Structures are given as C-alpha cells and as structure tokens.
Amino acid sequence: MAQAQKAPVESGDRPNIVIIVADDLGWGDVGFHQSSIKTPNLDRVAKQGIILDRFYTAPVSSPTRAGLMTGRYPNRFGIRKTVIPPWREYGLDETEETIADVLGDAGYEHRAVIGKWHLGHGRKAYYPLNRGFNYFYGHLNGAIDYFTHEREGELDWHKNWESCYDKGYSTDLIAREAVRYVNDHKKEPFFLYVAFNAPHTPLQAKPEDIALYTSDLESLSKKEQNRCIYSAMVTCMDRGIGDIYNTLEKNGQLDNTIFLFFSDNGTDGKGGSSGELRGFKFQEWDGGVRTAAVIQWNKGFKQPRKVEQVTGFVDVLPTLRDILDVKKAPKRELDGISVRSVLTGERESIRRDFYLGCGAVVNQDWKLILPGQNNHMKNLGTGYLVDYKNDPYEQKNSAANNPEEMQRLKKIAEKYDAVKPVFEEKDYGLGKDTFKAPKEWKIVKP
C-alpha cells in the first residue's frame, strides 16, 4: 500500500472511526499472540492491519478510559490508582474536552458510545450524552451481571437517558447495537466507541460458547473451569467484533474506516493469561499495562505489519487530530503524541517517554518503576529499571548498572507524580458499607 498523505477533511473523505475496547483481556489471550483461545476475527485484523506491539494503558479501567477520552494522563483528574466504584459520585472532570467533543467540532455529526462507560454516574454532568456523544447504549458501572445487566442489585442498562430492558447476554447486545449503528450510518462519517465489558468478572458465559472449550465443565478443577468460561467470553466478544468488522466490509465502509482495538488493561489472572509478560492487572509490569492492540485503515496506513513504537491510550486523540488535520487548538495541553507518521510508514519510530502513572515511565529501551506508590508492586528496591534489550520480560533490576537512565526517568516520573489532580482520589471501598444503588441507576443530579 502506498504511504498516506494528510487525510483530507472534506465530508466525503473523512474516515469512519471505530474504537473497540475490551475489559481485562490478557496479553496472552488472542490468537495473534499464540493463544489457544479462538479469536479468528481479531487475528484477521492483525493479519491485514498493524499489530501495535508496544501499546500501553493504565493498569485499571477508569484511568485508561479517562486518558483515551482526553489524550491526557488520568492522574490529572484524580482517576489513577483505582476505578470509579458504584458508591462514588465524581467522574471525569466535566471541564475536560473529550475525543467526542473534538470529533464533533471536526464535522462528525454521529458520535456513539456503546457498552461500558465507567467515567462517572453520580451526576448528569458526567453522563456520556454530556461528554460529546449523541448516542449511548449500555451501562454506566463496571462489573455488571452479563445476563441481568444489574450492578448492586439494580438494572444498569440504558438507551440514551432512559432505562433499557433488552434481554440477552451483554456482549451480544453490545455487538448487535454496534452493527445496527453501522448500518444506520452508511452515508456520513461516524465515530463509534464500542466498550465491551468482556471478559471482566463475573465470569459468565453462554453454554454454547463454553461447549467450544469443554463438554463437561463440572468435571474440571475450579481453575480449569475459570479458564474455560473466560475463553468462552473472549470468543463471544471476538465474534461480536467480527460482526462489526464484517458489516463495515459488506457495506463498502471498511477501506475508509480507522478500526482500532485494544484492552483497557491486562488480565486479573482469574481466567486470563499474560502470556510471556510479567504481572497482571493493577500492576505496572507489562502484563498489567501492555495490552493486545491492532489497528487498520486500508486507505491510510502502511500495512500489514507489526510496529514496535511505544504508544498507548493517551495517543489516540492526538493521532486522530493529526490524521484529520484539526486546526483548532486543544482546550488543554495534551500529554499524548501523534503516531500518525509511524502508522503511515513515513517514519520508523518516534523517541518518547510514556508516563504510566504511580512512579512508572516506559520508553523503547527502558522502564522505571519507583516504589511506594502502588501497593500491588513489591520488591522494587529504590527503583526498578527494566532493560528491554537484554531483559524483555522484566526479570532483572538493572538500576545499579544504568544510573544515568535511572535518574533521567526518575525526574520524569516525579514531575508527573507531583501533578495535583482536580479531584482527590479516594480508596475504592470508601462509602460502600452505607451505599444503596438508585433505582435502575437513573441519574437525577445535574
């Protein structure tokens, strides 16, 4: 494929933008990372598009979503060490400009979020329809029941502002609604953000998908059962992703669609696998923050290939701004960078340092993790320095032998660690004991 030039901004040439985010998917749980889990549709995107081999996120859900929405590090918003729980009123700072706001200004009339929001539910100001989106279908909280769509005993399933009583497995409902949205918007470019709650706990799968992995679930150990159910959940999500992808292809929309997939963080290990990577969700080891990711744009990117560029969740918005040649300056300075030139093949790589939060910084060759900021990270000494060239799986602390790089990255980490957030971040469990969920998670406060 020829290298792309700057994308024109005329309505007829603007690409559709489809961003699909999985929930707690392990690095080792996709076929293109040699998993035994069946993911033929993601494997197809990986084969035809670009594998983003060094795509980084936060180690938990809400922070990654906040960074995706804004192009800014989530510690700026007080959404960094934990997620927004049901009993918390705050959300993504209402004064922040979101990706949906930017795309609306760039001429995208149709902007939908389908699936999991997880960026605030205590006030209407945090609701998706007040954050730049003009269509919402799905749930506000994390960890809902896949079949009843409840969290804390109340229905958390919505269509725009109203409760939605659609029946079925949530993964299927999200995929079905995304397909409907694609079919309903064939003539004008659209932005579709599909946030699956799969394969996050609770581990719940349909019998027919479990049957793809075992004929006798009850005879297995608890660990084996969890792996089978988790695998079934991933395969079901992959099927839904295939339905969206195939609909774009059938409609003749695929060639001019930017199709991005990644997970919000790594697996918690209860059914998933980090593959050869060290660590899990909640940790700044690669198993928690380096996620399976692929992107495809037939009209604009040099593909198929795999790129080693260090990139991630905060780069999505600045990259789209660059592709669309957005002239209007961002409301606030972005922390992410555009990697458009790497995706088009104009540049091989961009040297940069990527702040992972909680005293952690990563670049092409090194990662530094400072102690004392994340209770899930142990035995870091005075700082753990990873030398990726000689230790790609983070097994040895190289700080003593590389004092200059250690100090350089420490200054970067300390700079961002010192950022004062808009909201004070509180412990996850604070307020849980006295909390009672609102009826059907209806939002009433302005």
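Which residue's backbone oxygen lies 2.9 Å from a polar atom of the side chain of Arg-14? The residue is Gly-107, whose backbone oxygen sits at that distance from the arginine side chain. Keep in mind as we go that this is a predicted model.

Let's stay with Arg-14 for a moment. This residue belongs to the segment before strand S1, which covers 16-22. Arg-14 is buried, yet it has no salt bridge. The nearest side chain of opposite charge is that of Glu-188, and it is 6.5 Å away. A salt bridge here requires the nitrogen and the carboxyl oxygen to be within 4 Å.

S1 and strand S11 pair in the parallel sense, with seven bridges between them. To find one of these bridges, look for Ile-17, whose partner in S11 is Ile-258. S11 also pairs with strand S12 (residues 293-296); these two run antiparallel and are joined by four bridges. Here Phe-259 stands opposite Gln-296 of S12.

How much of S11 is buried? Seven of the seven residues of this strand, residues 257-263, are buried, so S11 is largely enclosed by the rest of the structure. Thr-257, Phe-259, Phe-261 and Ser-263 point one way from the strand, while Ile-258, Leu-260 and Phe-262 point the other way. The residues on both sides are buried.

Now for the charged pairs. The count of salt bridges comes to 34. One of them joins Asp-23 and Lys-116, whose closest N and O atoms are 2.6 Å apart. Asp-23 lies in the loop between S1 and helix H1 (40-48) and Lys-116 in strand S4 (residues 110-116), so this pair ties together parts that are 93 residues apart in sequence. Both Asp-23 and Lys-116 are buried.

Another salt bridge brings together the side chains of Asp-105 and Lys-328, at 3.1 Å from N to O. Asp-105 is in helix H3 (residues 99-105), while Lys-328 is in the loop between helix H8 (316-323) and helix H9 (340-344); the pair links distant parts of the chain, 223 residues apart.

Our next stop is an open sheet made of four strands in the order S15-S16-S17-S18, with antiparallel pairing. Strand S15 (354-357) and strand S18 (384-387) are its edge strands, each pairing on one side only. On average, neighbouring strands of this sheet are turned by 15 degrees against each other, direction ignored. Inside the sheet, strand S16 (residues 360-362) and strand S17 (residues 366-369) pair over three bridges, and Val-361 has Leu-368 of S17 as its bridge partner. Helix H10 (residues 403-417) packs on this sheet, touching S15, S16, S17 and S18, and its direction makes about 55 degrees with that of S17.

The side chains of Lys-367 and Glu-394 meet in one, at 2.7 Å from N to O. Lys-367 lies in S17 and Glu-394 in the loop between S18 and H10, so the pair ties together parts that are 27 residues apart in sequence. Are these two residues buried or exposed? Lys-367 counts as buried because its relative accessibility is 0%, and Glu-394 is buried as well, with a relative accessible area of 0%. Both belong to a network of salt bridges that also links Asp-53, Asp-286 and Arg-290.

Key: Residues are numbered from 1 along each chain as its sequence is written. This is a predicted model: local features need pLDDT of at least 70, side-chain atom pairs count only at pLDDT 80 or more; totals for chains, interfaces and linings use all residues. Side-chain values use heavy atoms; hydrogens and water are left out. Buried means under 20% relative accessible area, exposed over 50%, partly exposed in between (1.4 Å probe, protein chains only). Lys and Arg count as positive and Asp and Glu as negative; His and the chain ends are not counted. A polar contact is a pair of N or O atoms within 3.5 Å; within protein, one must be able to donate a hydrogen and the other to accept it, and residues adjacent in sequence count only if both atoms are side-chain atoms. Two strands pair if DSSP finds at least two bridges between them. Axes are lines fitted to C-alpha atoms, for helices over the stretch in contact, and angles run from 0 to 180 degrees between N-to-C directions. Contact means heavy atoms within 4.5 Å.
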